[in-house]
Amino acid sequence: MNPRLAHFTTLRLGGECRELVTAAGAEDVAAILRHWTAQGVAWRVMGGGSNVLVADEGIPEAVVRMVAEAAECRMDDGLVCASAGTALDDLARFAAEGGWEGVGFSTGIPGTVGGGIVGNAGAFGAALGDRMERIELLTPTGERRVLGRGELTFGYRCSSLQAGRSVVLQAWFLVKQGDRGRLMADREDILALRREKHPDWRVLPTAGSFFKNLSPEVPGGRRRAAGYFLEQAGAKTMREGGARVFEKHANIVIAESGATARDVARLTTRMAAAVQAQFGFALEPEVRCWGEANSPT
Ligand SMILES: Cc1cc2nc3c(=O)[nH]c(=O)nc-3n(C[C@H](O)[C@H](O)[C@H](O)COP(=O)(O)OP(=O)(O)OC[C@H]3O[C@@H](n4cnc5c(N)ncnc54)[C@H](O)[C@@H]3O)c2cc1C
């Protein structure tokens, strides 16, 4: 039997993939991808699985899962360097404990540095792309390359990496010396805020905010929260099968026991349709859908 991706996503949904390999380091990733490419096997890369909705029918590709068992962070010439598989929260903790300021916004965000770079994860108005100095990639032809910040583009929850087939191996972030005590206190505040506002994904299966926030009304203004429009459109009480909207946040979907990816797709389609009907604009999913059967919009 092939591995079920439900075991590796925070929504705890998703059918089988062709093969799944959890890779410990860059050389292991390079070797398995070379092997699959030589065999003509199509593949995908996964980090913490916290931003993907995988179809119940599964996917035909093989999956390499890049998750480090413990933080793989170090200081390198004044930059914080972390492996792609390092948890975003471990990156934030490493920096705060060392008294380094600049990546504290990633405190408590589930997922990995690799997934975070590719999707330009962020919070509190900051994002990884703003702090990234350089990254090491594995190119589609199996070559290891280092790219500087000028060679990549980042936007709101997106990056130029999403269009290619490169795999992030490690990343270096700009930091400056800060006050360790204050950074650790800020960290506790962020964790407390997240506990209050977000579901604990270890207990309630979720992928966090399902839709992207909207562009500011005026250039340079603040993004408008998709959750506000969803709440106005009545999303908070919506449910489809085992998928429901989180009672504290209209942009977050919870997959209860027995839920399917199709339930999530039906629910998020309804949510987006309600906003479209009331406000006349289309919401764009932030969560990436793997597999054909359950495209949400
Ligand atoms: C409760 C909760 C709260 C959240 N809060 C936030 C938040 O505040 N801010 C925010 O931005 N996000 C948030 N998220 C979403 C999610 O945690 C982030 O998007 C995170 O960066 C995804 O990382 P991941 O490793 O889980 O990626 P995955 O879900 O595994 O993958 C996402 C995409 O990245 C690609 N990818 C993963 N690793 C690599 C790699 N090494 N190289 C190339 N491509 C790769 C995958 O192919 C996929 O397309 C939240 C999620 C949850 C569940």
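Modeller: Let us begin with pairing: two strands pair if DSSP finds at least two bridges between them. Strands (E, at least two residues) and helices (H or I, at least four) are DSSP runs, numbered from the N terminus. This is a predicted model, in which local features need pLDDT of at least 70, side-chain atom pairs count only at pLDDT 80 or more, and totals for chains, interfaces and linings use all residues. Residues are numbered from 1 along each chain as its sequence is written.

Biologist: How many bridges join strand E10 to strand E11?

Modeller: Strands of a sheet pair through backbone hydrogen bonds, either parallel or antiparallel. Here E10 (residues 132-138) and E11 (residues 144-148) run antiparallel and are joined by five bridges. Arg134 has Gly148 of E11 as its bridge partner. Five residues lie between the strands of this hairpin, where Gly142 takes a positive phi near 85°.

Biologist: Which order do the strands take in the open sheet of five?

Modeller: The order is E5-E6-E14-E10-E11, with antiparallel pairing. Strand E5 (73-76) and E11 are the edge strands, each pairing on one side only. On average, neighbouring strands of this sheet are turned by 20° against each other, direction ignored. Such angles run from 0 to 180 degrees between N-to-C directions, and the axes are lines fitted to C-alpha atoms, for helices over the stretch in contact.

Biologist: Which helix packs on this sheet?

Modeller: Helix H2 (residues 88-97) does, touching E5 and E6, and its direction makes about 150° with that of E6. Contact between two residues requires their C-beta atoms, placed from the backbone, to lie within 7 Å. Strand E6 (residues 79-83) also pairs with E14 in the antiparallel sense over five bridges, and Ala82 stands opposite Ala171 in E14.

Biologist: Why does the length of helix H1 agree with expectation?

Modeller: The expected span of a helix is 1.5 Å times one less than its number of residues. H1 (residues 26-39) has 14 residues and should therefore span 20 Å, which agrees with the 20 Å between its end C-alpha atoms. Gly40 follows H1 with a positive phi, near 75°.

Biologist: How many residues surround the ligand?

Modeller: A residue is near a molecule if its C-beta atom, placed from the backbone, lies within 6 Å of it. The ligand is surrounded by 32 residues, the closest being Gly47, Gly111, Gly114, Gly115 and Gly208. Helix H3 gives the largest share of this shell, five residues.
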